[in-house]
Amino acid sequence: MFKIYWIIVFIFIVFFHINETKASECDPVKVVKNVNVREQANKFSTKVGYLEVGQSYNVVNEENGWINFWYDGQLRWSYKNGYLENAELSCVKIYNTKTDAVNVRSEPSKYSERLGKAPEGSTWILVNENNSWGEVWYDSKPAFIHSNYLEEIPKVTEKINMEVTMGYNNGYYGDSIDDSESLFDDMLVFINGDFVGEMVDTVNITLNVDPTIKNTISLIGKVSSFGEVTLTEENYQTNSVYIPLNENHGYAEWANMSVSSITENTIDKNFSSFDISFSHNELPIDIDENPSFIIELARVDGREINLEKQPSVDISHYFHVVDGILTPKSFDEFKSFFRSRTIFGELTLMVSARGKEVDVDYYGEINFYMDAFLLGGKLNPPPSNSNVSVANVEIEFSYLLNNKKLVKKVITDESGSFSIKLSFGNWSFSTEAVHDGKKYFSVGTITTDYEHSNIDVNLLTDVDIREKVPFFTMPNTLSSENDLLDFEKDKNYYERSDFEQSVDLCGRNFIERGYLFKCSHSEPLKEESENVKSSNASNESETIQVNSSEENLVVSDSLELLVPQGSKKLTVNQYLYTQEYPYYVKKQSAYNDTVAVYVYSYLSGVLYEYISEVNSIYNDFPTWDSQGVAFYRYTVDVESYAKYDNFPVSLYIETKNVGDSKRNTYVAANLAYDSPYIRVRNLQLKRNKKATKNSEDTSDFFSIPKSGDANYYHKSVDIELEIPEGYKLSNLDVILVLPDETEMQSVFSGSNFTQVGDTVEGLKLTDFVSQLSDTTFFSEFKYKFFAEAENEINPSVIIQSEIYYSKIFQPLWKVDSITPRFGVRDAGGDGWSSYNTINWLQSYGNLVPEINDISGEHGRYIGHKTHKVGTDIDAFLFHNMIGGRLDIRGKARANYQLLEKYVINALNGDAYSIDQVRLWVTKSRAGLEELAQLSSVIKLYYTKGYSMHQAGINLSSGWINSDRNRKARCFWQGIRLRAFALVQLQSYL
């Protein structure tokens, strides 16, 4: 990026026009007020969900104030005005699914609960990335989609076509330019410091500019011609802009520039010379005293370089030319320039000068830091182990001001002592040593100001941190060595005000960021002697908070957390708040408080570190919001550390007021681990060969007994689990639940199961005494599985499984208490009915004679092919001619045989028999007619009559009706009901 401040003036005329806005697939909104989700774009439409503050979605379409967005795998609508605001967020599209949709899960694991599906082409807001999973909002819940199916949607912004035409002296230069005129030849064009094009033998160029951001156009020629202007609203309204350029017609080139005393981009505060020299093509260049040269000093990051709030300082008047080199006129006077102001950060020195006896201007630039402080220090062994060596240990210092771009390292001597020169401002440091396989370390932030020149650094481990031993101390030791910068001038320049009321981050509502920050209300870690239940509900540490206090005083706190064996991830949640925002942060003042968050373990060293200063957060992630709050969540992979044992970690936070004791900065943080848990990989129903003939007989049907009863035959299941290493299965619970997860009946609980490897084999799902009342019926159910495992080394440490639900099954219910029965019962019962059959019998059971078979237990085969799903009812004939009890084998056959006798006798003219046959016909027709009128009945079966030859009477097969294609010997009549829906009658007889 070119930063030039010293050139004189020419003029450009710029013409532009605005294109139409190109629609983008990425149009994020965030929820600022809870709002309903509806099927259509009106308030009378069906409500399907509810958006809560902090959630975010991508707008697909807008209509009359309503937005259309992907919500639960479908496009939904919410009202926007006052509830949703546009936001700068990242969008992703579902692609490459090959099945038209991808699974959406509750956790970043393919074994976690599936929340639904995201269709191919649907678009979502990427909230976070977790290894190979992307986090989105789905159905108002945090959800995860594998990144293999996510494609980032590039943001398309409104562009401006800008036609640039060059000129000077506020006039038009011409339509073309020939090579002999070098003034505008090969002009380089920059937008916001980025090179975008070059004008070669022309005075025109077309640029694309984003008008939604601040735009600065710079033009640089290979001669000394330069111009720069920032577009204003007036420029956009008039479609024109003038860019002043210098009028020097001499030829110009960039040259190599060096400054004595600047080595490796650093100059000591006690520099002894400041001579500026040029070279070109490895040959020295002599600088001409006339015309005058220009020397500018500025900050690379564009911040004010001094208290006069200037972006740059002209220091040309301090120099003259001696033997072709720029050198200070009075070295003491020039050096006092640095003493008189707070100069810090990465500096850039820019020089423009004419070569002696040549018509060429040379330009040079050099970036550097000023080492203003000599920091002496001593590295100390940990109080818990004085045998840890502090000799030849490397300590790394990182300059916070420029995002740690400047890093310096120092090695301790045999005694642990060290010294290092640092620039003014905030620095972080870190060091580590290993002794007997255990890691000891120290971290922290320091401010190199006029008070501090010495530091005691302490190597620590968990034992020392538990005793609140500080990582470092810095005694106030004012010395002439460190009294270069007049920081008091900076202090008195700004008006400061006291804040009597402290801030409790734990009391603030951060739900809009998608996470409710639990603070002192969270329970601390339990002792190892207690059961550590690694469930999602209890995997969070307490929260610690620190508030900065007196000037340059480090305020810190720490906690310990035992991550259970088998955990894979550790999440760090941190909140920052500063009273420096907005004024002092936006002004990028020297009042620049520091914050730090560390997670570490003596087994692994530092796992996570966040070190920053409040001014940097204005530009770097995470940025301050309008309330001066910044939230950040980070996930640490701890799988390798917690694979074979519990993993102890510590959280350390600190903050420090820099330059004042007035406006405080606060830090709050906690830790949460993903519980090591047992995953249910697969369920496989097993067939009871003794109870069933065909495997399909046991598909999805389960007979559910009533209170006090139990099943005769049993259905069992193999449960394939994934148990973390170091744990063994100790308990298993299976509960019968409704589709909405309402618990109805415990099916199994305990440790009396057969386990082979990670599989529980042959667990009976039907071996229980029912507690369901006689009036309880439901149409569908599923099984809820939950397991626990204990640590093989420490059985008191218990982990739990995910909650796993089976697919939906169909229940069968006994009809014995609802309607009379005839015949003899099969083993396990033969009156098991579907939910709709039970309801039908309760409504229309009076239309049916006594009942024999409906379905066998669990839909098992009992000799009737159609009796599997509880909807076929075998009933007695409508006319009972034998009387007496019917629950005796052979009664139905006897009743039919008696009918045969009456028919034969009736055909021979016996009056009584004729009356009996007429009565049988009348009752049968009436009963069948009533059933046929019901839309819930889809088929009626009735006896056809088999062939008979007796006493000279010949009856062919099917003599009861005209259907002669089926030879049946029926002593019953059958009714087939619709299983799950009541629709129009299909057929009967």
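In this predicted model, Lys814 stands opposite Trp832, a residue of strand 63. Strand 63 runs antiparallel to strand 62 (residues 810–814), and two bridges join them. Both belong to an open sheet of three strands, ordered 53-62-63, with mixed pairing. Strand 53 (701–703) and strand 63 (832–833) are the edges; each has a single partner strand, so one side of each is left without a neighbour in the sheet. Helix 6 (residues 835–844) packs on this sheet and touches strand 62 and strand 63. The direction of helix 6 makes about 35° with that of strand 62.

The structure also holds one disulfide. A disulfide is a covalent bond between the sulfur atoms of two cysteines. Here the partners are Cys26 and Cys91, with sulfur atoms 2.0 Å apart. The link is right-handed, with 70° about the S-S bond. Cys26 lies in the loop between strand 1 (11–18) and strand 2 (28–31), while Cys91 lies in strand 9 (residues 90–94), so the pair ties together parts that are 65 residues apart in sequence. The table gives the exposure of the two cysteines.

| Residue | Relative accessible area | Class |
|---|---|---|
| Cys26 | 8% | buried |
| Cys91 | 0% | buried |

The largest nonpolar core has 61 residues. Ile719, Leu732, Val734, Leu763 and Tyr783 have the most contacts inside this core. Helix 7 (residues 891–907) gives the most to this core, with six residues. Another core, of 40 residues, lies apart from it and includes Val393, Ile455, Leu460 and Met474. Leaving aside residues up to four places away in sequence, Ile719 touches several residues, among them Val680, Leu683, Leu732, Asp758 and Phe785.

Conventions
Residues are numbered from 1 along each chain as its sequence is written. This is a predicted model: local features need pLDDT of at least 70, side-chain atom pairs count only at pLDDT 80 or more; totals for chains, interfaces and linings use all residues. Side-chain values use heavy atoms; hydrogens and water are left out. A nonpolar core is a set of buried Ala, Val, Leu, Ile, Met, Phe, Trp, Tyr and Cys residues joined through side-chain atoms within 4.5 Å. Buried means under 20% relative accessible area, exposed over 50%, partly exposed in between (1.4 Å probe, protein chains only). Helices (H or I, at least four residues) and strands (E, at least two) are DSSP runs, numbered from the N terminus. Contact means heavy atoms within 4.5 Å. Two strands pair if DSSP finds at least two bridges between them. Axes are lines fitted to C-alpha atoms, for helices over the stretch in contact, and angles run from 0 to 180 degrees between N-to-C directions. A disulfide is a pair of cysteine sulfur atoms within 2.5 Å.
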